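Subject: Handing over the two-chain model

Dear colleague,

Please read them with the structure open beside you.

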Amino acid sequence: MPRTDRIAEPWGSRTPYGPGETWPTRVDQYLADGLTEDDVDRWVQSASILHSNGDGLDIAVTDGRIVGVRGRAVDRVNHGRLGPKDLFGWQANNSPDRLTRPLVRRDGELVETDWDTAMDAVAGRCRELLQEQGPSAISFYTTGQLFLEEYYTLGLIAHGGIGTNHVDGNTRLCTATAAAALKETFGCDGQPGSYTDVDSADVIALYGHNMAETQTVLWTRVLDRLAGPNPPQVVCVDPRETPVARAATVHLAPRPGTNVVLMNALLHEIIGNGWIDRDYVEAHSVGFDELERQVRAYTPEVAEEVCDVPAGQVREAARVIGSAQRLLSTALQGFYQSHQATAAAVQINNIHVLRGMLGRPGCGILQMNGQPTAQNTRECGADGDLPAFRNWSNDAHVQDLARVWNVDPMQIPHYSPPTHVMQQLRYMEEGSIRFLYVTATNPAVSLPELARIRSILAQDRLFLVVQDIFLSETAQLADVVLPAATWGEKTGTFTNVDRTVHLSEKAVDPPGEARPDLDILVDLARRLDLRDRDGAPLVKWSDPESAFEAWKECSRGRPCDYTGLSYDKLRGGSGVQWPCDDEHPDGTERIYVDGQFWARPDQCESYGRDMVTGAPVEETEYRALNPTGRAVLKAAEYVPPHELPGQDFPFQLITGRTLYHFHTRTKTGRAPQLQDAAPEVWVEMSASDAADRGFVEGDLLDVSTPRGRVQAGLRISGIRPGVLFLPFHYGYWDTGSGSEPGTGEGRAANELTLTDWDPVSKQPIFKTAAAQVQRVAPADGPAPAPTTTGSAPVTGQVPPTTGGDDALAHELVGGQP
Amino acid sequence: MKLDLAIEELHRSENHLVTVLMSMSDKHKADHEVFHVCRDMAGWSRRHVVELARAGRDFGVDLDPEASEDPALLASVRQRASELVGRRSTPGLLLLADLRHLYREAAGVSLDWEILAQSAQGAKERELLDLARRCHPQSLRLARWANAHLKVASPQVIVGW
């Protein structure tokens, strides 16, 4: 059976295929410690949790321990394939430093305690503050890595029980703009694309989306198309020379913070050359005249001046996109975490509406997610939105939700948009939020301007609860730490970006006293004695399947209708795409067929926002603009970034991710193959910038902004001149200095980023800080950056990244291994 | 014909709006969205001042195309003060007062544009009407932002600790 070093070859072997054909199956498998399939006691169905692609997989269990994984050949998402993080990341579950007992702070130290003591402390402080100040004192910050059932329960507790408006998820950092952009154009969240669009597209445009590293299996699908007959053309917008850029027909590398200008120039060309479907635009959209007027001034020459992309390249990209017969577009952090995030992402939707390329094979938009269960954070209301895409500013929606929950509508906060995490932090800073409950995320590494974040989280007047599986940087600052079970140790469902719902079953018991997040939340609701309007317990379930059944009722008749799904239906086969109801019992692959949107005023999730100020559009305005629920072509003017490079800080700093790590490395840093592939932070700079300063590969640099400093080894890469790149994964838990830099230099990229966010999606900006660099020490070897990815070296003799024998995984083309 | 007076008045009120927005931005530096969005919106008014100065020439008024702004020192003092009191809750009330003030200023400017647009139509001054059509929506957006942000901020300021 063939084995491949999947660190050296992250995408594995090619299985070429042509347009309209089915993507061949290739089953990937990795078992630890030289075990073979004969040693495996049982295989337990699940899906991947260390990225957002939603690859179906089975967990191998031997002697009550997870020992490996295998891709599910029948799954519609991956056809058996797995990425390096799936193959190796599960090992973190077995890590000896898992949290196994609750901790409480006593005399400044976190000490072990029992569940009763810990939970009474949490519920007690919460009740105290509710009495003293009310729900405005309480906030919740969750993740994109729990399960649907947990999010729905959390949203119910926070919104329906406690009645606070301060609810958000770290999806604010990864997919808030995806949701916002979809709401602006289509009135509602929900992806107008399917992964099978890769199979038939003739043009694939990736906007700020390094798919090769963030969704390796989806990129494998693209690579297989590129290796087959009649391959698609690829358009890439990215300031770095990523694997996507290297495969692209046209690669545009704009100056950070100028995406709106570039997009408007593309639209200028597409409209100017008449590459639009006028009948579709007239029948199914509003706002064309305003869009046409807005982009008139944005010629390719203007784009050349502002974005520093040759006008000829802009024209070429517009021609490729404008002449596509089947256009698939995807977007991610290069747009979402950059300046004017939503305004730029919306223009991608506009291209599809103008070209009438929606709801047909090959014609999709994937406003991507960054995390495995981010879609559920959004759907279930754990990001602060109301569940099942209900509109907080539509009284009928709030009343309907109050009926489902059996609470007074006034109990559900809907007088203003939910308080996003950056605003929550502001309220903690000024002292009006005094209780923060964090589940499965690590803001002390992942949020911008870390010195400020630490100073807020460490305040005595803030009661911080952290529910996690490791003692993260954030957990170290907590008053109470609750040890949670993770993927493989609990059952639940989650949904990926193309609306595919997977069931993930419990394979093994959690370590020590760790408990599933759902159990902890239900326990909290019980201790807070949260009740519905008839005095019955508010949370009426205690196991995942009943939570799922309750969620189904909440989703009934809404765009993300789950009523046709059940655990039984999800068992055995592949994932199922929502909406799934009586009419569509097998799910729905394509939405927005024939220009039918969920955008009617009484139906839509949002009336939209102002693209510059972020002010919500009022219901009356929306009714006048879009009475029949068409797609909204939203125009946006360019506003320069808020921090521009100057004499003292001549570079633009962008942060980002690498293929081998996820988030703040809590799991991937504990998987040896992944950790060894990218063991330490590095900084990327272009060859010309390095030559100007006499820097060489591996030099130790001090990178600084007005907010902090980070030391990192220099990788001279294909990044555009004037720009620096730092991966954001590296914090302090494995440095010996705890939750902060300590006496040494900073390591976390977010020491440097600025506190600023897109006024529309409230997503923080990680891609436009002004920075400078100095050499601290000469190189004693190449930078610790992978060579297989966007950080590939362009100079010097850098040995290639490999994983050796420990990274050999099975690959079987055509079926089961 | 008093079009020159209407232009002059609008030039004055847009100019004033720049200082209102910038001083509000500086005063609330610790409130990041207020800080940045006010600065972005001040950019609109600065451009309106340029365009009004240009239009003024056709009607015999000599107007400064550059918006007059408070001295940089005053701005940095305000920003520093905001950072110093950023850990207290009193700036919240100040923010509500400032939003209320901004809303009224923006509404006033919007009415000035209304007057100019109506007069331009009456006088069949096409270019002036186009100018009003370009600029007026932005003062309305500004007022809407002030209103919307007041809705967001007030519950926490009033009901919060």
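How many salt bridges does the rule find across the interface of chain A and chain B? The rule finds 6 of them there, a salt bridge being a side-chain nitrogen of Lys or Arg within 4 Å of a carboxyl oxygen of Asp or Glu.

Before going further, please note that this is a predicted model, in which local features need pLDDT of at least 70 and side-chain atom pairs count only at pLDDT 80 or more, while totals for chains, interfaces and linings use all residues. Residues are numbered from 1 along each chain as its sequence is written, chains are lettered from A and ligands numbered from 1 in the order in which they are written, and side-chain values use heavy atoms, with hydrogens and water left out.

The interface

Glu621(A) forms a salt bridge with Arg144(B), with 3.6 Å between the closest N and O atoms. In another pair, Lys762(A) and Glu33(B), the closest N and O atoms are 2.8 Å apart. Lys762(A) lies in the loop between strand 27 (723-727) and strand 28 (769-777) of chain A and Glu33(B) in helix 2 (residues 32-58) of chain B, so the pair joins two chains; helices (H or I, at least four residues) and strands (E, at least two) are DSSP runs, numbered from the N terminus. Both Lys762(A) and Glu33(B) are buried, where buried means under 20% relative accessible area, exposed over 50%, and partly exposed in between (1.4 Å probe, protein chains only).

Chain A and chain B bury about 2800 Å² between them, of which 48% is on carbon and sulfur atoms; buried area is the accessible area (1.4 Å probe) that two parts lose on being put together, summed over both. Arg426(A), Glu430(A) and Thr613(A) supply 19% of the area that chain A buries against chain B, which is more than any other three residues. The contact (heavy atoms within 4.5 Å) takes 37 residues from chain A and 27 residues from chain B.

Elsewhere in chain A

Over all chains, the count by this rule comes to 69 salt bridges. One of them joins the side chains of Asp568(A) and Arg571(A), at 3.0 Å from N to O; Asp568(A) is exposed, with a relative accessible area of 57%, whereas Arg571(A), at 34%, counts as partly exposed. Another is formed by Arg590(A) and Glu589(A), at 3.9 Å from N to O, and here Arg590(A) is buried, with a relative accessible area of 18%, while Glu589(A) is partly exposed at 30%.

In helix 12 (residues 288-295) of chain A, the buried residues are Phe288(A), Leu291(A), Gln294(A) and Val295(A). Seen down the axis of helix 12 of chain A, these buried residues fall within an arc of 130° (the arc of the directions from the helix axis to the C-beta atoms), so they line one face of the helix. They pack against helix 10 (259-272), helix 11 (278-284), strand 13 (285-286) and helix 16 (341-354) of chain A.

Lastly, Gln675(A) lies in helix 26 (residues 672-677) of chain A and, at 14% relative accessibility, counts as buried. Leaving aside residues up to four places away in sequence, Gln675(A) touches His661(A), Arg665(A), Thr668(A), Gly669(A) and Asp734(A).

With kind regards
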